[in-house]
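Morning, everyone. Let me put the structure up, and then I'll walk you through it.

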Amino acid sequence: MESKGLSVTFDTPDGPVHAVTDVDLTIEKGTTVGLVGESGCGKSTLGRAILRLLPENARISGTVRFDGIDLSTRSPKEMRDLRGRNIAMIFQDPMTRLNPLMRIRDHFIETIQAHDPGVTTDEAVSRALRVLADVRVPADRMNMYPHELSGGMRQRIMIALCLLFKPALLIADEPTTALDVILEAQILQLLQSIMHGYNMAVLLITHNLGLVAEFADRVAVMYAGRIAEEGATVPLFREPYHPYTQGLLRSVIDLDTTKLYSVPGAPPSLLGDSVGCPFYPRCEKRMAVCETVFPEIRPVGEDRRKVACHLY
Amino acid sequence: MAVGTARGRTTILGRFVGRPAGRLFAHFLKESGTAAGIIVWIGIGIVLAIIVMAIFAPFLAPFDPNTKVADPETAPGGRFVMGVDRSGQDVLSRIIWGARIPLAIIAVATTISLAIGLPIGLLSGFVGGRLDRILVLVMDSIYAFPGLLLAIVIAAIIGRGILNISVAIAIVYIPTYFRIIRNHVAAVKQEPYVEAAIALGMPRRRIILRYVLPNVAQSIPVIFSVNAADSVLTEAGLTFLGLGLPPGIPDWGFDISLNWQRFEASWWATFYPGLFILILTTALTFVGEGLNDILNPLLRKKDFKAKVEA
């Protein structure tokens, strides 16, 4: 998956909101890219823009290439067939992601038959059972309703629904935020083993830097709808270049922390056009140039690191 | 604000309706000791009794409803429990036979309004945009019209007959179904499970039928019973005004229009048909109101239990 100049603008009564601006992001086969940033920085919008799952007032520009095909040229029907089959998405809130009126088995049958109308119910059930075994859900859960299952179980079922067609890309939008720590670890280990088993690429959207450090091969840090810094996980965490990444990493709590650090200020409004670096008002290393000139993202250092900052 | 409450409610209600019919019935029975439960059962009992009465009219009615059986305006008593009207026909027999018309019209009219109001409500709420705005405008203009007046106009245009009255009444009630379904769909459409279904590549038609429709279906029984009650009154009103059925068919509304001018001389010929209209309407309203009362507290309780378990 490769996006070039991907932008999403929402038309609102107050004017256009630039939720995502000029994002170039590449996710290679079988790798995990972590997408991190504060709430409202455009992470989820970016994930949804790839699948074109945005409300009607959203305008998408730029290109998203998937397996060599430009997704922006695909018809709604082709796009629909691609969802769930080639690119799948799991969400933050597993408690509300399953239809409360449908048994688990019907979720599987519906999903399979939506893509392969010829599949019989029995075939669909046996396919569902194979995938359920992969996510370690007991077979008897098939006949239950969503409200009879725990949050962790429901998230496993959501993952299983996504795995039915062995998609090449899985977008995981804060998949564990709503779960407790133990479940979080279980679900992530599950995701990781599945990722290897199915040779999937994963876009892991999260604000949890710990998760990214552990699971992602590369990290993209988003700020105000743009990529501020992107690079291989380990070097980026060892030596963050962008002042925002530095602030973000300093905000992580560890046992030795006596005083909590937070990046001062609040993210800028994304309403209307802006000039200069979006991080300028909060930056500890700001310079005169930052206020008026927008820093283009460009390669810095090794490991294909890219940074959008005038310091480099 | 609406999003939060709507979200909680649909999932709660959804859980309930999602249960197999047997379990739904069991919950229903459990509630039958409460005030709302008793009201529903009284309503259902009365409606069933009137249906039985209509079906077995040939066996139950002591006289032929269209034959002169005694001197006009014979007072109630003896062989004529409810007296005799100005044409010499037995009032009780006409009431027993006359139950058929309101019931038939309820059945046909509510079926037509449901069959039209539900699909366009689903479509309008789900698709949104310009189609939605146009449909809402059209439906609101129908809705803004006084129901009986609209029915009179339609009945005057398309003429008499059971089917025609039913159509006239159905058109009046389409906007009720449309509005409630459409608004409910607009809320359910925002549910995370609908987005998840789209993300899994579900086609729109399946989403509407399998994800949205079942989650809005619980509104239907309540609208149904309230509309049924209202359509009995509208039918009686139309017949009273001479726009209903051709003469000769026993009907409560028709009997009132036939006899009301002689109210002082023979009050029974007007009073008893009116009483039965009142009974049927009240019974249907009991069903609707009681269902409404039962569904809500029961579901809130269930949701609380589910949260504790989770």
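What percentage of the 312 residues of chain A count as buried? The figure is 44%. Buried here means that 20 or more other C-beta atoms lie within 10 Å of the residue's own; exposed means 12 or fewer, partly exposed is in between, and C-beta atoms are placed from the backbone.

A word on ground rules. This is a predicted model: local features need pLDDT of at least 70, side-chain atom pairs count only at pLDDT 80 or more, and totals for chains, interfaces and linings use all residues. Residues are numbered from 1 along each chain as its sequence is written, while chains are lettered from A and ligands numbered from 1 in the order in which they are written.

Chain A overall. It has ten helices and twelve strands. These are DSSP runs, numbered from the N terminus: helices are H or I with at least four residues, strands are E with at least two. The C-alpha atoms fill a box of roughly 65 × 50 × 40 Å along the principal axes.

Now a sheet in chain A. Four strands make an open sheet, ordered β2-β1-β4-β5, with antiparallel pairing. Pairing requires that DSSP finds at least two bridges between two strands. At the edges sit β2 (15-26) and β5 (69-70), each pairing on one side only. β5(A) joins β4 (residues 58-66) of chain A through two bridges, antiparallel. There, A:R65 stands opposite A:D70.

Helix α1 (residues 43-51) of chain A packs on this sheet, touching β1 (2-12), β2 and β4 of chain A. Contact means C-beta atoms, placed from the backbone, within 7 Å.

On to the contact between the chains. Chain B brings 24 residues and chain A brings 28. On the chain B side, α1 (2-18), α10 (192-199) and α11 (204-216) each supply at least two residues. α10(B) gives the most, with six.

Why is α10(B) described as largely enclosed by the rest of the structure? Because six of its eight residues are buried. Those are B:Y193, B:V194, B:A196, B:A197, B:I198 and B:A199. They pack against both chains: α1, β6 (87-90) and α5 (151-163) of chain A, plus α9 (162-188) and α11 of chain B. Just after α10(B), B:G201 takes a positive phi of about 90°.

That's the tour. Questions, please.

Note on methods: Two residues are in contact if their C-beta atoms, placed from the backbone, lie within 7 Å. Axes are lines fitted to C-alpha atoms, for helices over the stretch in contact, and angles run from 0 to 180 degrees between N-to-C directions.
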